[in-house]
Amino acid sequence: MLLGEEEVLARVLESARLVATEKRSVWECGNRIAAQDAYASVPLPSFDNSTVDGYAVRAQDVVSGRRLEVVGEQSAGIALGLRVDQNQAVRIFTGAPIPSGADAVLMQEEVEQVKHTILVRESVLAGENIRRRAEDLCEGQKFLSQGDVLNGARLAMLASQGLAETNVYKRPSISIIATGSELRPPGSVLSQGEIFESNRILLSELVTTSGADPQVQPIVPDDESAHVSALGEGKRCDAIVIVGGVSVGKKDLVKPALKKVGARIDLWRVAIRPGKPFLFGKWDETLLFGLPGNPVSAFVTFLVFVRPALWKMGGRSEWALPKMRVNLNETLVNRGDRPHYMRGNCQRDLFHVAELQQSHALFSLSRCNALCRVPAQTTFPQGAEVDIVQFC
Ligand code: AMP
Ligand code: MG
């Protein structure tokens with residue numbers, strides 16, 4: 001009996017523990033995960049200021065045809081403590097503090113300056129062209145939640161509060177091991193029957209884009225003691241992703257090697273296509289993901305089971321793969337008894353399924369940007385609305 005995907009994902013997530021946190025310069029925190037909530041100590045804006053270059057005035061004085069006396073100039077920077085009284089104006093620039101007494105700013109395009117006066121043409125409403133103190137964010141207001149991804153705008157929020165450092169989760173460290181005596185590293189010369197190894201770079205990219213830190217190991221031949229020593233090296237990491245050799249062949253040595261080192265195998269073989277031989281376990285504190293060696297199987301099982309676990313370990317608050325609703329360009333048929341993650345290309349709102357759906361079809365995968373899960377014994381008719389998972 002194969003295990004169901006939902007059960008497998010639930011058990012994987014259950015075992016995935018949060019990594020530690022660290023304090024880092026905000027400059028090093030792009031795409032990192034906030035390890036604590038943050039509250040404003042500086043309101044935004046922090047004082048009333050002008051949205052335009054123009055003249056700070058009292059709205060009630062601004063009547064078409066009237067002249068106002070310009071009594072000073074306030075730029076952004078040092079607040080000069082200027083004041084606007086009846087029929088007066090202060091020349092002002094974007095971001096400069098509003099002088100006391102003023103309650104509006106006239107855009108410079110709307111007046112005519114003649115020496116020390118301006119000639120007013122149109123009226124202005126009180127409050128016009130002024131950004132009010134704290135209208136965006138008040139003191140004490142929460143502006144960041146634990147688990148948020150620190151994108152540019154959120155990093156800018158930290159900077160706006162005067163914070164040079166912040167607490168983030170460490171990036172989970174992930175050891176990547178490829179097994180197979182037929183595999184040679186790119187750059188070498190192949191003999192008959194050998195192929196270039198390509199899963200490590202695929203998985204390394206996937207690990208990085210999952211917010212974790214890949215540690216790529218040398219290729220491991222189909223030899224139990226080589227597996228054992230690579231696993232021992234990988235144990236220093238938060239998780240090991242071992243690819244190839246998890247199936248039932250005589251040369252599939254991941255399971256025997258895990259048994260040999262005394263690791264716990266929690267589950268093996270999942271009702272999913274591609275990726276049936278997926279394995280998950282734990283060796284002391286290190287998580288173990290065994291992925292099938294066919295590149296598309298490795299890719300799909302990584303997205304479906306490993307990425308959510310890395311997101312959880314890395315402190316993100318959302319672990320589910322984001323889905324999008326699109327229409328099918330052609331009918332998708334799954335006559336099998338496992339859900340099929342079909343690869344395809346999503347352009348605008350249309351999913352175009354890839355012609356070659358076999359698990360070795362790396363080139364076909366490289367032309368795709370989305371997965372569509374078709375449940376067992378199910379047909380999705382052309383034009384139907386379906387959920388897809390996009391990747392890039
Ligand atoms: P396995 O899961 O070890 O039975 O491998 C399944 C298929 O994937 C075989 O055709 C392998 O040659 C191929 N394969 C396994 N690992 C890799 C890898 N790291 N890079 C490229 N192909 C691989
Ligand atoms: Mg193999």
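Two strands are taken to pair if DSSP finds at least two bridges between them, and helices (H or I, at least four residues) and strands (E, at least two) are DSSP runs numbered from the N terminus. This is a predicted model, in which local features need pLDDT of at least 70, side-chain atom pairs count only at pLDDT 80 or more, and totals for chains, interfaces and linings use all residues. Residues are numbered from 1 along each chain as its sequence is written, chains are lettered from A and ligands numbered from 1 in the order in which they are written, and side-chain values use heavy atoms, with hydrogens and water left out.

**View 1. The open sheet E7-E4-E6-E5-E9-E8 has mixed pairing.** Six strands make up this sheet, with strand E7 (104-107) and strand E8 (111-114) at its edges, each pairing on one side only. From one strand to the next the twist averages 40°; axes are lines fitted to C-alpha atoms, for helices over the stretch in contact, and angles run from 0 to 180 degrees between N-to-C directions. Within the sheet, strand E4 (residues 54-57) is antiparallel to strand E6 (residues 88-92), and three bridges link the pair. Tyr55 is placed opposite Arg91 in E6.

**View 2. A second open sheet runs in the order E16-E13-E17-E20-E19-E18.** It too is built of six strands with mixed pairing. Strand E16 (213-216) and strand E18 (264-268) are the edge strands, and the twist averages 20° from one strand to the next. E18 and strand E19 (residues 279-283) run antiparallel and share four bridges, with Leu267 opposite Phe280 in E19. H1 lies across E18, E19 and strand E20 (286-291) at about 155° to E18, where contact means heavy atoms within 4.5 Å. Helix H5 (residues 254-261) lies across strand E17 (239-243), E18, E19 and E20, and runs at about 150° to E18.

**View 3. The loop between E18 and E19 holds Arg269 and Pro274.** Arg269 has a positive phi, near 75°, although it is not glycine. A cis peptide bond with omega about -5° joins Arg273 to Pro274. Most residues other than glycine have a negative phi, and most peptide bonds are trans.

**View 4. The largest pocket has a volume of about 400 Å³.** A pocket is an open set of points on a 1 Å grid over the protein atoms alone, where a 1.4 Å probe fits, with protein on both sides within 12 Å along at least five of seven lines; lining residues have an atom within 4 Å of a point. Grid points are joined across faces, edges and corners, and the volume is the space filled by probe spheres set on the points. Of the 15 lining residues, Glu5, Val304, Lys323, Tyr341 and Arg373 lie nearest the centre. Helix H1 (5-15), helix H6 (295-313), strand E25 (370-374) and strand E27 (385-390) each give two or more residues to the lining. Domain 1 (5-19 + 171-313) and domain 4 (324-390) each supply at least three; these bounds come from an automatic or database domain assignment.

**View 5. E27 pairs with strand E21 (residues 323-328) and with E25.** Five bridges connect E21 and E27 in the antiparallel sense, and Asp387 in E27 is the bridge partner of Arg325. E25 is also antiparallel to E27, over three bridges, and Leu371 has Val389 in E27 as its bridge partner.
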